[in-house]
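Look at the sequence and the model first.

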Amino acid sequence: MELSSGIGRTPSLGRRVVAVKPIPVPAAERGGTGLEVKVTAPVDGTELPVIVFSHGNAWSMDGYEPLVDRWAAAGFVVVQPTHPDSRRNGIGLDDPRFATIWRVRIADLHAVLDGLDGILQQVVGGLISRVDRDRLAVVGHSWGAQTAGALLGARVFDSEGRPGEDFSHPAVKAGALIAATGTGDTLTPFALKYLPFARPDFSSMTTPALVVAGGKDQSAMSTRGPDWFTDAYHLSPAPKRLLTVAEAEHLFGGISGEAVRDTTDEDPARVVLVADAVSAYLHDVLNTDAESRHATPDPIGQRVGGFSTESK
């Protein structure tokens, strides 16, 4: 185990954060790949809420620092598992294990939530005594958004259009879905072949959630336009909130990391907007105290290009 980059300072918020990795987590049926997580947390504060974050396809616990560091600086403890589809595991589309990774991803989040105390015990500075276990949220990006959505109550339609298993977790009080997969009736041939599980049913996703969509996010998985990524909001029951960032593409200015080659719309200010919108929403829904909320700016007050919000 090591301290990732020691103790850093998030420039715009000024609160010191610390990251610890790798932390092993007991988990079954992962096809020979063990489950490890990274924990990022503020060095001070008590009664800290927790975010369990699910990464997009091919990423790992080492990605998304621009989001994670700001969330930690805003008073959250962030736990990031590495799912089996991480490129470091070398499981390609034609690997027989790939077809069931969506289930393993969901099981990973359950393992993290159920083993949270064991994870926190391995973090220096007595973090376990500073966490509020009654304020737990799940957040995900892209495939990770579908994974997180399952813990909020979303299901997956089978080939005959019947809703699948309920994977919701009782400890999860809220969530945020960034670029969440839309309904599966417009999947491209590629998606139908390799990603048949990308058929979400949002009608049972009752847990409060923020849905974040990019106005220029055109997916290769669907024949629809960017509105595909708003289905999680429109097709789920209230309470929900939608943030649509007009100029954003799939990585919202670079949320997976600075100068990452996958980013097609590099814009650090847009990353800040998404990060702070998520933290402000979760602070609000989880009713965190003033100490945890300190230095969290109002995302709507930061005019970064065009964006719109709506709630139900």
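Arg155 is partly exposed, at 26% relative accessible area (partly exposed lies between buried, under 20%, and exposed, over 50%, with a 1.4 Å probe and protein chains only). Its salt-bridge partner is Asp166, with the closest N and O atoms 3.8 Å apart (a salt bridge puts a side-chain nitrogen of Lys or Arg within 4 Å of a carboxyl oxygen of Asp or Glu). The model is predicted: local features need pLDDT of at least 70, side-chain atom pairs count only at pLDDT 80 or more, and totals for chains, interfaces and linings use all residues. Residues are numbered from 1 along each chain as its sequence is written, and side-chain values use heavy atoms, leaving out hydrogens and water.

**Salt bridges between elements**

- Asp166 is partly exposed too, with a relative accessible area of 44%.
- Arg155 sits in strand β7 (residues 155-156) and Asp166 in the loop between β7 and β8 (172-178), so their pairing ties together parts eleven residues apart in sequence.
- Helices (H or I, at least four residues) and strands (E, at least two) are DSSP runs, numbered from the N terminus.
- Asp284 pairs with Arg241 in a salt bridge, and 3.7 Å separates the closest N and O atoms.
- Asp284 belongs to helix α7 (residues 268-286) and Arg241 to strand β11 (residues 240-245), so this pair ties together parts 43 residues apart in sequence.
- Asp284 is partly exposed at 39% relative accessibility, and Arg241 is partly exposed at 30%.

- Across the whole structure, a search finds 19 salt bridges.
- Side chains of opposite charge can pair when their charged atoms come close.

**A buried pair**

- Asp132 and Arg135 form a salt bridge through their side chains, at 2.6 Å from N to O.
- Asp132 is buried, with 15% relative accessible area.
- Arg135 is buried as well, at 18%.

**Helix α4**

- How many residues of helix α4 (residues 143-152) are buried? Ten of its ten residues are, and the helix is mostly covered.
- Among the buried residues are Trp143, Gln146, Thr147, Leu151 and Leu152.
- The cover over the buried residues of α4 includes β4 (48-54), α2 (101-114), β6 (131-141), β7, β8 and β10 (209-214); contact here means heavy atoms within 4.5 Å.
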